[in-house]
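Q: Please take me through the reading of a structure, feature by feature, with the general idea before the particular case.

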Amino acid sequence: MQNEEENTVCEEIKEKITTFLKELFSTYKQEKDNLIPILEEVQEKFGYIPKEAQKQISEFLAIPMAEIYGVITFYSRFTLEPKGKYAISVCLGTACFVKGSRKIMDRLTERLKIQPGQTTEDGMFSIDETRCVGACGLAPVFAVNGEVHGKATVKMLDTVLDEILENEKGVTNENN
Ligand code: FES
């Protein structure tokens with residue numbers, strides 16, 4: 001039964017992707033250079049680049065899947081999994097790095113038990129590493145859903161995570 005349900009969900013997503021891409025492909029020429037803009041539109045629409053989309057893009061542009069995978073994993077703005085409700089990014093650009101942003105990233109991966117580019121199983125958190133986000137004066141920085149926290153410390157990260165978890169507990173209790 002569960003398999004049946006999973007298959008239905010998969011089919012639904014597949015259909016959504018196919019419809020979206022069909023329309024998108026009608027606005028692009030079948031040229032290799034269009035890979036990045038197409039990936040950007042898919043990322044924007046779905047919040048990640050689903051495998052099915054990679055397959056259809058590969059056929060449309062005649063680019064091997066491995067090459068598409070390589071591009072997705074090269075650019076931090078593309079992800080292979082949906083982002084979490086709380087998408088946390090840590091800047092590992094030079095200014096942030098020298099001021100200790102690696103320690104913040106280490107603490108984050110230790111607490112959430114996932115690596116950059118991954119999302120927790122409950123879909124609550126995802127982690128990304130970014131390069132300079134233009135806030136070097138505040139280095140080191142991390143951001144939660146785009147909201148930048150500057151002059152960050154491991155303690156500050158812990159406080160932010162604790163607050164989120166506390167709020168989420170409240171949401172769960174309200175729903176019960
Ligand atoms: S290096 Fe992190 S904001 Fe510039």
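Q: Where does Lys-151 lie?
A: In this predicted model, Lys-151 belongs to the loop between strand E4 (147-149) and helix H7 (154-175). The phi of Lys-151 is near 45°, a positive value in a residue other than glycine.

Q: Which value does phi take in Lys-113, and where is Lys-113 placed?
A: Its phi is near 60°, again positive in a residue other than glycine. Lys-113 follows H6 and sits in the loop between H6 and E2. Lys-113 counts as exposed because it has 10 C-beta neighbours inside 10 Å.

Q: What is the peptide bond from Ala-139 to Pro-140, cis or trans?
A: Omega is the angle to read. Here omega is near 0°, and the bond is cis. Pro-140 lies in the loop between E2 and strand E3 (142-144).

Q: How many helices and strands does the chain have?
A: There are seven helices and four strands. From the N terminus on, their order is α-α-α-α-β-α-α-β-β-β-α. The domain assignment gives domain 1 (2-74) and domain 2 (86-175), with 28 Å between their centres, taken over C-alpha atoms.

Q: Which residues of H6 are buried?
A: They are Ser-101, Ile-104, Met-105 and Leu-108. These residues cover an arc of only 100° around the axis, so they lie on the same side of H6. The face turned away from that buried side carries the exposed residues Asp-106 and Glu-110.

Q: Which residues are buried in H2?
A: Ile-38, Leu-39 and Val-42 are buried there. Seen down the axis, the buried residues of H2 fall within an arc of 100°, so they line one face of the helix. Exposed Pro-37 and Glu-44 are on the face turned away from the buried side. Just after H2, Gly-47 takes a positive phi of about 80°.

Q: Which residues have the most contacts inside the largest nonpolar core?
A: In soluble globular proteins, nonpolar side chains tend to be buried together. In this chain the largest nonpolar core has 14 residues, and those with the most contacts inside it are Val-90, Ile-104, Leu-108, Val-141 and Phe-142. Strand E1 (86-91), H6 and strand E2 (125-130) each supply at least two residues of this core. A second, separate core of 11 residues includes Leu-21, Ile-38, Leu-39 and Ile-49.

Q: What does Val-90 touch?
A: Leaving out residues up to four places away in sequence, Val-90 touches Ser-101, Ile-104, Met-105, Leu-108, Glu-129 and Phe-142.

Conventions:
Residues are numbered from 1 along each chain as its sequence is written. This is a predicted model: local features need pLDDT of at least 70, side-chain atom pairs count only at pLDDT 80 or more; totals for chains, interfaces and linings use all residues. A nonpolar core is a set of buried Ala, Val, Leu, Ile, Met, Phe, Trp, Tyr and Cys residues joined through C-beta atoms within 7 Å. A residue is buried if 20 or more other C-beta atoms lie within 10 Å of its own, exposed if 12 or fewer, and partly exposed in between; C-beta atoms are placed from the backbone. Two residues are in contact if their C-beta atoms, placed from the backbone, lie within 7 Å. The arc is that of the directions from the helix axis to the C-beta atoms. Domain bounds come from an automatic or database domain assignment.
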